[in-house]
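Colleague: I'm new to this one and would like to be walked through it. Can we go piece by piece?
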Amino acid sequence: MNQALLFSVFIVASCGLAYELIAGALSSYLLGDSITQFSTVIGSYLFAMGIGSWLSRYVERNLVARFVQIELMVGVLGGFSAAGLFFIFVWFSTPFKLALYLAVFGIGVLVGLEIPLIMRILKRDLSFKDVVSQVLTFDYLGALAVSILFPLLLVPQLGLVRSGLLFGLLNVLVALWALWLFREPLRNSGWLKTQAFVSLAVLTIGFAAAGQFTSLAEAHLYADEIVYNETSPYQHIVITRWRDDLRLFLNNNLQFSSRDEYRYHEALVHPALATLPGARRVLVLGGGDGLAVREILKYPQIESVTLVDLDPAMTQLFSTAAALRKLNAQALSSPKVRVLNADALKWLEDNDDVFDFVVVDFPDPSNFAIGKLYSAAFYRLLEKHLSAGALAVIQSTSPLYARQSFWCVVATLESVGLVTTPYHALVPSFGEWGFVLAGRRAYQPPAGYSVETRFLTAETTPALFQFAKDMARVDAEVNHLNNQALVRYFEREWRQVIR
Amino acid sequence: MERRDFLSALAAAGLASLPGCGAPAQAALPPGALLGTAIDPAHRLRERNLPPPSATREVPVLIVGAGIGGLSAGWKLAKSGFNDFLMVELEAEAGGNSRSGRNEVSAFPLAAHYLPLPTREATAVRELLAELGVLHGDPRAARPRYDERYLCATPQERLYRNGWWQEGILPHNGVSAAELEQYRRFYALIDAFKQRRDGQRRAFALPMALSSRAPDLLALDRLSMRDWLLAQGLDSPQLHWYVDYACRDDYGTNISEVSAWAGIHYFACRSGEAQDAASDTVLTTPGGNGWLTEGLAQSIKARAGDRLLTGSLVFRVAEEGGRTNVDLWQPEQQRTVRLSAGQLIWAAPLFLVPHVFAGQDTLKLAARSFSYAPWLVANLTLSRFPTDRAGASMAWDNVLYDSPGLGYVVSTHQQMRMRPGTTVFTYYRALSGMSPQQGRAILQETTRKAWADQILTELERPHPDIRQVTTRLDVFRNAHAMARPLPGLIWGQQRALFAADRPRLRFAHADVSGFSLFEEAQYRGVLAAERTLHRLGKSFVTSLS
């Protein structure tokens, strides 16, 4: 009997920690800033447990029956916490934090009640020192087991929603077990048994239906364009919204913030396109968010824009979700725009089309796979797709934080015979950002802009092309496929920045 | 299992499959085929029950064998404007140890998978690479430019050791200072060999025929690589593993068996440089060295038309009446044809000589002094890249420390693609550490399923889900994959017999050099072609100086 109760301490403790971890993980996942989320969730949870322990003094009779009821409540509330919070976040974005802390508080109070009650049940047969020693030992062991299993097995295999439901089921099973262990003193508790079996059924159904629930939530999300979270075969796409600020993260790297993306995209497109009145055909590589296309379409002479982005999930998202369509001015739905989901390298190899302006807007060269998209071989391929007077612009990471990386891109473009014009602009959410113009002839910056801009003016344009002393050119190797010099520079330089 | 291997396996399995808790359920073995060099026709050689010739055909120059030696002979003949030759090949495809396969995912090698940057003395290799458009500018430049698509992309190689992938193959994590000092001394010795010139000749040249004949160097051919290392005071286990790996990889033979001259040659001969790559970069393609086979074959076809007869077994060679009669069994037509050759270039392995040649007792005896390493190559078609242990990221050549295999190369590594999708891993294993006869018996007896299981078990260490992602596993056996450069072979009397010029017969196989390298096979082929042209009084420009 006592061993059985101690084992239930182990289970109860693991469930208790699991709910805490689930709430912490869910909030950092959805809101970001994991340090704040985990600190506040753990803090409120422990505080609530304290309240629960204090409240336990008011439970005076029918300890076992109360314990069973508490287990059932913890099981249902805790079990559905992840699903419920996710649901609230998706359907009503604003009260999410309120719901989160209410849930954390409620579960915390109930979990805080559990251990004092068990200790009191055990006190009947054991001395005080044995009760404290044994109960707390199993309490901490249960916590250890979950803290190891949670990141290694549960989240990767089951996900947060189903992990939560699994622990809810465990709580209910403990309650059923208690009902069986104490079947003699509880022989008149038919109602309690009914509650337990209903809880068991509800959680089991929840567990079985969890997969459908997740896709339902995402489908709703899609129409409501509030946030988005999807792991496509290529990357993890997350869109966050905070007041009027929409942010796109790919593999946890910020791609834009709607508050200052116009600075980035104007700087990417206009210095080149304002000097190409004869440009008709434009190619955009990467840039599935359609924001560069939005800037390009401001020029009435442009007849066609071909957008090649690897990930259909990206281009589909940015051509269907209302808030994102608003942001890119429905650029991806324009009849002038052709969206292709293909590997840019393969597409350039397989095609003969030439363009008057090419935007190369790939993620930063943080691994060998992306490093290929900044190689001499790639630029040689790119050059074949430039018409006689064409220009290409390449997003080239930060000349301030990754100085040698930036000048490595310049050196690589020059190595294939292109004339380069490096420049930079300040984008607050990124910092000082760099671009390189490449063409067959020398480039002259535009005297002014015929299209509407928020950032660029004729007067400030010359400053884009001036590099301060701390960003001035440094020697860098050419980035070849067989040396991947850029990835090595980039890794070293950004590691220093993060420190 | 190493301790760190164990711990990381434990972590990955999420404590779910503790060793000792019963065998984990294993995915069924992927389908595949057991392929290999045609064993049946070769066995018919021994049975000697093939029919007599039903027709005779005169051939001014006959080349037997269309591996790199034979193709290179044909290439040189055709380039010199001489088209009256015929190449016959036992296998269904030309290429020998430079053959490749292809499926819906990628091309992949069936044997050799790379060519080091050619040395300055490898003039014929440079000439071929220039013709194929891979070497740009002056083929004789000290540091030519190469087509970037052929230069192996970074990262080139990595090693899995103690549960961790490191960059490069020479072990460096947790290696003691004393062992690192031995590494430095080893490389200093190799460097001295690299620098050494005796007159015009490098100590260890590639092709090897151009090497110095200084007695102290030739004496290295009389001891094993292991004994040479120990004599230099080099006993570091890590260094011995590394050198042993190199010997198994290039010669299919252990460090304790391979000649020190050959072992040092591997390290000291590679002096090629490039304008656009580090000197240790290699040239490779998805199909390994298949592009060289295809390049040679196409070059011949463009100049001389179709000169290749495949699937044909030469079973008798006899000098009769001033010509060389070569009897050829064609299993498809079920007939024997006699080819009456004015000149014969034998570009097939030398172990066939005793079974085929009439008379020529000295040559037959000499051929018996060659021994051959059995090999196994497996191609694993994968639905996606497997999960990977921590450390250096996926390279082209991926080696497992302390493993019977030689690791695997990734066929799609050179693809200009951003996202790795499906791929083919080519796994290599030399059946070394036993007699070649034992190795061949194992090759003969082991089923494909048994090989597949062994290989997947080995690769499971760094890639826990390799079984789940392998959709096909083809095993390619080669019972006589390459000559083994044992002490005494390279600078002994017997090999010299095959290198000599004869009035109507020349040998043009890598075996004539004593080891199977593309550069050697090509040199022997071109040399045989040039000697033949000279004998026939045809003019040509030499490719060999």
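Colleague: How many strands form the open sheet in chain B, and in what order?

Modeller: Keep in mind that this is a predicted model. Eight strands of chain B make up the open sheet, ordered β1-β22-β18-β21-β20-β19-β9-β10, and the pairing is mixed.

Colleague: Which strands stand at the edges there?

Modeller: Those are β1 (34-36) and β10 (164-167) of chain B, and each has a single partner strand, so one side of each is left without a neighbour in the sheet. Going from one strand to the next, the twist averages 25°.

Colleague: In what sense do β1(B) and β22(B) pair?

Modeller: β1(B) and strand β22 (residues 470-483) of chain B pair in the parallel sense, over three bridges. Within that pairing, L35(B) has F476(B) in β22(B) as its bridge partner.

Colleague: And what about β19(B), which strands do bridges join to it?

Modeller: One of them is β9(B), which runs parallel to β19(B) and is joined to it by four bridges, with Y160(B) standing opposite L400(B). β19(B) also pairs with strand β20 (residues 408-410) of chain B, this time in the antiparallel sense and over two bridges, and there N398(B) stands opposite Y408(B).

Colleague: Which way do the residues of β19(B) point, and are they buried or exposed?

Modeller: D397(B) and V399(B) point one way from the strand, whereas N398(B) and L400(B) point the other way, and all of them are buried.

Colleague: Which helix lies across β19(B)?

Modeller: Helix α8 (residues 237-251) of chain B does, and it runs at about 125° to β19(B).

Colleague: Where do F385(B) and F425(B) lie?

Modeller: F385(B) is in the loop between β18 (372-382) and β19 (397-400) of chain B, while F425(B) is in strand β21 (residues 423-430) of chain B, so the pair ties together parts that are 40 residues apart in sequence. Both F385(B) and F425(B) are buried.

Colleague: Which charged ends sit over rings in chain B?

Modeller: The charged end of R158(B) sits over the ring of W165(B), 3.5 Å from its centre, and that of R161(B) sits over the ring of Y401(B), 5.1 Å from its centre.

Colleague: Now chain A, please. What is the strand order in its open sheet of seven strands?

Modeller: The order in chain A is β7-β6-β5-β8-β9-β11-β10, with mixed pairing. The edges are taken by β7 (337-340) and β10 (419-427) of chain A, each with a single partner strand, so one side of each is left without a neighbour in the sheet. From one strand to the next, the twist averages 15°.

Colleague: How many bridges join β10(A) to β11(A)?

Modeller: Nine bridges join β10(A) to strand β11 (residues 431-439) of chain A, and the two run antiparallel. Among the residues involved, V419(A) has G439(A) in β11(A) as its bridge partner.

Colleague: Which helices lie across β8 and β9 of chain A?

Modeller: Helix α8 (residues 261-273) of chain A lies across β8 (355-361), β9 (386-395), β10 and β11 of chain A, at about 155° to β8(A). Helix α14 (residues 376-383) of chain A lies across β5 (281-286), β8 and β9 of chain A, at about 145° to β9(A).

Colleague: Last one: how many residues of α15(A) are buried?

Modeller: Ten of the 13 residues of α15(A) are buried, so the helix is largely enclosed by the rest of the structure. The buried residues include F406(A), W407(A) and L413(A). Just after α15(A), G417(A) takes a positive phi of about 90°.

Key: Residues numbered from 1 in each chain as written. Chains lettered and ligands numbered in written order. Predicted model: local features only at pLDDT ≥ 70, side-chain atom pairs only at ≥ 80, totals over all residues. Heavy atoms only, no water. Buried < 20%, exposed > 50% of the residue type's maximum accessible area, 1.4 Å probe, protein only. Lys NZ or Arg CZ within 6 Å of the ring centre and 35° of its normal. Pairing = 2+ DSSP bridges. Axes fitted to C-alpha atoms, helices over the stretch in contact; angles between N-to-C directions. Contact = heavy atoms within 4.5 Å.
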